[in-house]
Amino acid sequence: SDEMGSPLNILCQGCSVSLELAQLLTDKEQNCFEVDDADYDFPMRSLLRNHNLDSFPTDVFRYLLECSPSCLRRQKQIIDPIDEGDFDRDSMFTDTLLHVACSNPKISVEAI
């Protein structure tokens, strides 16, 4: 497996993301939307955090959402090692897709 995830995930990290390429890189079983390793982002998250885009591809966002609506429920939970002593051991900060989208100036209000 590639260090950056599936080909669809790699596309979503690039400068030029098109609907046609996203559709071509979607495998029949749609395994490309799954995450095998905790270190990999999945395509929706990669697209939302991509600051390299000239303009946000809303059509690709909608396509990913149609193919994998469950991706909106995925989130990363991160323990902040700097503040770990200030909180209970089980305290975690959640980096939701909404937070990721809102922190990217390339994303349109329509997408959010």
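Predicted model: local features only at pLDDT ≥ 70, side-chain atom pairs only at ≥ 80, totals over all residues.
From the N terminus on, the elements of the protein run α-α-α-α-β-β-α, a total of 5 helices and 2 strands. The average pLDDT of the protein is 77, and 71% of the residues score at least 70.

**Overall packing**

The protein has 112 residues, and buried residues make up 34% of them. Its accessible surface comes to about 7300 Å², with 50% belonging to carbon and sulfur atoms. Of the contacts with a separation of 6 or more, 60% are accounted for by residues 24 or more positions apart.

In soluble globular proteins, nonpolar side chains tend to be buried together. The largest nonpolar core of this model has 24 residues, of which Leu-8, Met-44, Leu-47, Leu-48, Phe-56 and Leu-64 touch the most other members. At least two residues of this core come from each of helix 1, helix 3 (43-48), helix 4 (58-67) and helix 5 (97-102). Helix 4 supplies the largest share, 5 residues.

The buried residues of helix 4 are Thr-58, Val-60, Phe-61, Tyr-63, Leu-64 and Cys-67. These buried residues pack against helix 1, helix 2 and helix 3. For Leu-64, the residues touched are Leu-8, Cys-12, Phe-33, Pro-43, Met-44 and Leu-47, leaving aside those up to four places away in sequence.

**Aromatic pair**

The structure holds 1 aromatic pair. Its ring centres, in Phe-56 and Phe-61, are 6.0 Å apart and the ring planes stand at 55°, so the pair counts as tilted. Both Phe-56 and Phe-61 are buried.

**Cysteines**

A disulfide is a covalent bond between the sulfur atoms of two cysteines. The structure holds 0 disulfides. For both cysteines in the table, the closest cysteine sulfur is in Cys-32.

| Cysteine | Distance to the sulfur of Cys-32 | Relative accessible area |
|---|---|---|
| Cys-12 | 9.0 Å | 0% |
| Cys-67 | 7.4 Å | 17% |

The sulfur of Cys-12 is too far from that of Cys-32 for a bond, because the two are 9.0 Å apart and a disulfide needs sulfur atoms within 2.5 Å. The sulfur of Cys-67, at 7.4 Å from that of Cys-32, is likewise too far for a bond. Cys-12 counts as buried at 0% relative accessibility. Cys-67 is also buried, at 17%, because the cut-off for a buried residue is under 20%. Cys-12 is among the residues touched by Leu-64, and Cys-67 is one of the buried residues of helix 4.

Gln-13 lies in the loop between helix 1 (7-12) and helix 2. With a relative accessible area of 26%, Gln-13 is partly exposed. Gln-13 and Pro-43 are 30 residues apart in sequence, and their C-alpha atoms are 8.2 Å apart in space. Pro-43 is also one of the residues that Leu-64 touches.

Note on methods. Residues numbered from 1 in each chain as written. Heavy atoms only, no water. Phe/Tyr/Trp six-rings, centres within 6.5 Å; stacked < 30°, edge-to-face > 60°. Buried < 20%, exposed > 50% of the residue type's maximum accessible area, 1.4 Å probe, protein only. pLDDT = per-residue confidence, 0-100. Helix = DSSP H or I, 4+ residues; strand = E, 2+ residues; numbered from the N terminus. Core = buried A, V, L, I, M, F, W, Y, C linked by side-chain atoms within 4.5 Å. Contact = heavy atoms within 4.5 Å. Areas by Shrake-Rupley, 256 points an atom, 1.4 Å probe, with all protein chains shown as cover.
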